[in-house]
Amino acid sequence: MENIIEAQNLKYSYSGQEGCAIKDVSFTVARGEFISVIGHNGSGKSTLARLINGLLEPDGGKLTVLGMDVCDGKNAVEVRKHVGVVFQNPDNQMVASIVEDDIAFGPENIGVEREEIGKRIDWALSAVGMEQYRHSTPARLSGGQKQRIAVAGVLAIKPDVLILDESTAMLDPKGRREVIEVVRRLNREEGMTVILITHFMEEALLAERTIVMNRGEIALSGTPEEIFKRGDALETFNLSLPRISVICKNLRAAGMEIADVLKPEELALEILKNLNNRGIYGGQSSFSPPAQPQTRGDWDIDIKNLAFTYSKKSPFATRALNGVNLSICDGEFFGIIGHTGSGKSTLVQHLNALIKLPQAEKKYRKPKVKKGRPAPVLPSITVGKFDLADKKTDFKALRASVGMVFQYPEYQLFAETVFADVAFGLKNFNKKLSDAETEQAVKNSLEIVGLNYEEVKDKSPFDLSGGQKRRVAIAGVIVTRPHILILDEPAAGLDPKGKKEIMELLHKLHREWCKTVIIVSHDMDEVAENCTRVAVISGGEVFACDSPANLFTRASELSALGLDVPLTAKISTYLGQNGIIIRGACTVKEFSDKVIEIYEGGKNA
Amino acid sequence: MLNDVTFGQYYPADSFVHRLDPRFKLLALIGFIVLLFVANNFYSLAACAIMLIITVIAARVPVGSVLRSIKGIIFILVFTGILNIFFHSGQTVYWQWGILKVTLEGIIFTVFLMFRLFFLVMASSILTLTTTPVSLTDGIESLLKPLTLIKFPVHELALIMSIALRFIPTLIDETNRIISAQKARGADFESGNIFKRIRAMVPILIPLLISAFRRAEELGDAMDARCYSGSKNRTKYKKLRFGWRDLVAFLLIGALIAGVVLLNLYCFDICPQIYRFIRVY
């Protein structure tokens, strides 16, 4: 097959940074291939994309695209006609406020005739399945839809190669599925060459070939099966194994014969084969019903009839919450899931009165109730002893007790030093604090988030690495020792190792620092593995609120809502259809143990 | 704080005025403003008012939102009003103190001026209520096109405007998020004196600025990757077209111009009837 990209001994280093971002990288890409590139943060994956597209010029080595030398500046535009890149943040790639104008931008740049542009817009929009949004404005689309428009904008240039540079990192599972589906179809049906750079191992599995980057070099290259077989090697590259590979490994360790498979249905078949060989054709793992709802304490949260509408009384009014009833007990590690736009962020912003209940607004007057009509149902929220429907409540004290870490909290850092930034909240809430007390509190909170106080306190927060910045931002919230800590997508945008570390940090905080931890997430596996109870929010209502073990037995209902189900629930469903009932297994370890239990049971019988 | 800022003034509807060519609407507005200042008596002003009322009806926008646009210029209105009442010269003096005097001519002139400004603001607000910022930009770009001959960067200007429009909602969202995050850390933006309040903005402005730069950089890369290399050899997908509606509206405006010119010629005085009436008594 024709090689579309050829790279030999590529080198690149950013000015002002130590070490090479890319050192001595050689590879070829054939026409029509689907390649995935994985690697830890800073491994050089994105640099690679920018080199291929001619956005960066290599320091050494040779790079050709369709025989053109990319290093020659004269070829830059010509190369970009053939290699399209979709970047990470969908918001920062659009130039126009109307979808069709944005898609037209690329073809206009290369001087395509008017009528032909129209045809290309039609084609690109149908390729990404967004025909009906031609005249929409991107601001009103979901993340996944915006990213599909970004893909269409690149497609309209009619490139031969499509590079996705972590284009799914900021999307929810639904949006990610949409984008990946589009890309796979383009590869299959249009023969588009695809290079998919990603943090999600599950996405990397879909390619024909996977390249693993480590510290600016290609560490491994091969089919996904070959790569993920080498589990231990991956971990030394700061990558995690896909969950499914971990289960395979666990089961093999228990003596089962499991091939390295990458799809849940295949793994279920493998498990069934093993069980059948032992004469097991049905069975049930032991099932201990999950602990009863948590006991109530001093800091319970009770939400009743909560409704909320954005831009009320304007033509753009949107209802975000629609009668939410929910109780969260003191001491829980609680999860709130739902896809983007389900109202989950709006819900948690009520808990520390960032959004006040209507009755708590200064201007609020009791509505007059007409005779014969029922009185309107008013929403109510209590958090511990705070009544959020009361105007007289001390909302500042409430905010000191209910800490809130927003999505991408590192974007809210502002002070000159890490110390000043962390102390900001402390000083706001308690103006009388002495310097020594302030210092002690800042020190404690920086240390619990895993940073060395002496090392970072005088640094500018903007000089830290991405993971460190997020830790500083979390420290800046927990410094007041809130009883309840709420985090909106705490692991968003991190690489697998960073994700794992942040979840470990949250468990540590739950044990030692804040009594109640509430995480808002769209990652089902994350929630299933960490939370004591989970509320599923859909269309502004609580669809279900239960322990993960109970909740994920309702896999089909969740899928119907457009939500993902944890991997273990997927495999359990397949097994259940074949008489092997596994209930209440949420983590990879629990699941492996229960399968092994049935398997061992067969041996004893 | 910014929760209720729906971007721009645009009122979505599908009316005659909404569907006019934005270039025509811009030119018509300019023409209307010129007419307002050409009009030198209450009859021609009344003709303008009738035109305005017809437009509001044809635009199917709520009358309230057109009138509300006055709020923004109330200060200017009061200021010029006071200035004119006290300083305008005239023969029928009602009150005098030093150089300050109130005359009949002054009062009439002030009322006249008020109406002019009222109509001006209302007409502009009809334009922004019925035209999306995007098509307004398209219109401006198209109208400025002749300036490319004198090397004026019309395309670049239009691109800057279009990108600015595109990012306003994004940055408003971002601002709201940062405000909420800092409020959650106990920041207080609503109390204290003006200096305190300005200082309290720092934790919002710095992250916002940093994010704007980050976005600009990423957008630059994305534009490069989509083959952007300036206006050279560039084609344009969208073309504006004059339609039958524009012709109808053009005829109406033409009738108005003719009307105002005739009324100006035949009723020279600012408002002869009132003069005569007041002088008699």
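This is a predicted model: local features need pLDDT of at least 70, side-chain atom pairs count only at pLDDT 80 or more; totals for chains, interfaces and linings use all residues.

Trainee: What makes β1(A) and β4(A) a pair?

Mentor: Pairing takes at least two bridges. Strand β1 (residues 3-12) and strand β4 (residues 60-65) of chain A have five, in the antiparallel sense, so by that cut-off they count as paired. Within β4(A), G60(A) is the residue opposite K11(A).

Trainee: Why are β2 and β5 of chain A said to stand at the edges?

Mentor: The open sheet has the order β2-β1-β4-β5 (chain A), paired antiparallel. β2 (22-30) and β5 (68-69) of chain A each have a single partner strand, so one side of each lacks a neighbour in the sheet.

Trainee: And how do you know that β6(A) and β7(A) are paired?

Mentor: Four bridges join β6(A) to strand β7 (residues 161-165) of chain A, and the two run parallel. The cut-off is at least two bridges, so this pair qualifies. One position to look at is G84(A), which stands opposite L162(A) in β7(A).

Trainee: Which helix touches both β6 and β7 of chain A, and at what angle to β6(A)?

Mentor: Helix α5 (residues 143-155) of chain A packs on the sheet there, with its direction at about 165° to that of β6(A).

Trainee: What is there to say about the hairpin of β20(A) and β21(A)?

Mentor: Its strands, residues 533-538 and 541-546 of chain A, pair antiparallel over five bridges, and V534(A) has D546(A) as its bridge partner. Two residues lie between the strands, and G539(A) takes a positive phi near 55°.

Note on methods: Residues are numbered from 1 along each chain as its sequence is written. Chains are lettered from A and ligands numbered from 1 in the order in which they are written. Two residues are in contact if their C-beta atoms, placed from the backbone, lie within 7 Å. Axes are lines fitted to C-alpha atoms, for helices over the stretch in contact, and angles run from 0 to 180 degrees between N-to-C directions.
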